[in-house]
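Here is a friendly walk through one protein model. Take a look at the sequence and the structure first, and then we'll go through the parts together.

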Amino acid sequence: MRPKRLDGKSGCAVELTLSVIGGVWKPLILFHLLGGKKRFMELTRLIPSATQRMLTLQLRELEADGLVARHVFAEVPPRVEYEASALCRTLAPVMLSLREWGQRYRVEHQHLPPFEPQCGEGYDHRSREHAKAHATVGQ
C-alpha cells in the first residue's frame, strides 16, 4: 500500500476506503474485473472514455494496493491479464450496492430511464451470495 494513504486527514476509515477505490475509473475497472479476467484492450473497450494512459496509471495503483493481480505471459507478443484479487472480491457487495444506488438515483431523482446493463456485465445480484461466501481475506 502506498504510505500517503495511511495518514488520512480526517481519521475516518471512509476516507481511506475512498482513497483506495475512489475516483472515476477505479470503481469501473474493479467492477469489470469482478466479472472475470480481462486483458488491457478489453478494459479500454469497456471504458472507452478513459485514456490508455489513465487506465495504466489506475491499474498500477490498484495493483500496488493489492486489489488487482497482473499476470504476464511469456509469449510473443506478450500477453497481460488483470484480475480481481481476493481482497478486491471483498468489495463486491459494496460495488453492487453502489451500482444499485446509482440506478435508483437515476430513475427516482433524475427521472431518466435505467442505465443499459453494461456496468459490471457478467457480475450481477446473483453473484452477491457467492461474493459474500468467498469474501474472506487471508484464507
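Which hand does the crossing of α2 and α6 have, left or right? The crossing is left-handed. Before going further, keep in mind that this is a predicted model.

Let's stay with that pair for a moment. Helix α2 covers residues 26–34 and helix α6 covers residues 92–108, and their axes come within 11 Å, crossing at roughly 115°. That makes the two helices roughly perpendicular. On the α2 side, the contact is made by Pro27, Leu30, Phe31 and Leu34.

Now for some orientation. The protein has 7 helices and 3 strands. Reading from the N terminus, the elements go α-α-β-α-α-β-β-α-α-α. Of the 139 residues, 29% count as buried. And if you take contacts between residues at least 6 apart in sequence, 56% of them join residues at least 24 apart.

Helix α2 also packs against α4, with the axes 10 Å apart and an angle of about 70°. These two helices are therefore roughly perpendicular to each other. From α2, the contact uses Lys26, Ile29, Leu30 and Leu33. From α4, it uses Leu55, Gln58, Leu59, Glu61 and Leu62. By class, that gives 6 nonpolar, 1 polar and 2 charged residues.

On to the charges. Side chains of opposite charge can pair when their charged atoms come close. How many salt bridges does the structure hold? There are 3 salt bridges, and here they are:

| Salt bridge | N to O distance |
|---|---|
| Glu61 and Lys26 | 2.6 Å |
| Glu75 and Arg79 | 3.1 Å |
| Arg79 and Glu81 | 3.1 Å |

Start with Glu61 and Lys26, whose side chains meet in a salt bridge. Glu61 lies in helix α4 (residues 52–64) and Lys26 in helix α2, so the pair ties together parts that are 35 residues apart in sequence. Is Lys26 buried or exposed? Lys26 is buried, with a relative accessible area of 2%.

Next comes the set around Arg79. Arg79 forms a salt bridge with Glu75, and its side chain also meets that of Glu81 in a salt bridge. Glu75 is partly exposed, with a relative accessible area of 37%, whereas Glu81 counts as buried at 13% relative accessibility. Through these shared partners, salt bridges join Glu75, Arg79 and Glu81 into one network.

One more residue is worth a visit, and that is Arg106, which lies in helix α6. What is Arg106 in contact with, leaving aside its neighbours within four places in sequence? The answer is His111, Leu112, Pro113, Pro114 and Phe115. Why does Arg106 count as buried? Its relative accessibility is 18%, and buried means under 20%.

Terms used. Residues are numbered from 1 along each chain as its sequence is written. This is a predicted model: local features need pLDDT of at least 70, side-chain atom pairs count only at pLDDT 80 or more; totals for chains, interfaces and linings use all residues. Side-chain values use heavy atoms; hydrogens and water are left out. Axes are lines fitted to C-alpha atoms, for helices over the stretch in contact, and angles run from 0 to 180 degrees between N-to-C directions. Helices (H or I, at least four residues) and strands (E, at least two) are DSSP runs, numbered from the N terminus. Angles under 35 degrees count as roughly parallel, over 145 as roughly antiparallel, 65 to 115 as roughly perpendicular and the rest as oblique. A crossing is left-handed if the near helix is turned anticlockwise from the far one by less than a right angle, and right-handed if clockwise. Contact means heavy atoms within 4.5 Å. A salt bridge is a side-chain nitrogen of Lys or Arg within 4 Å of a carboxyl oxygen of Asp or Glu. Buried means under 20% relative accessible area, exposed over 50%, partly exposed in between (1.4 Å probe, protein chains only). Ala, Val, Leu, Ile, Met, Phe, Trp, Tyr, Cys and Pro count as nonpolar, Asp, Glu, Lys and Arg as charged, and the others, Gly among them, as polar.
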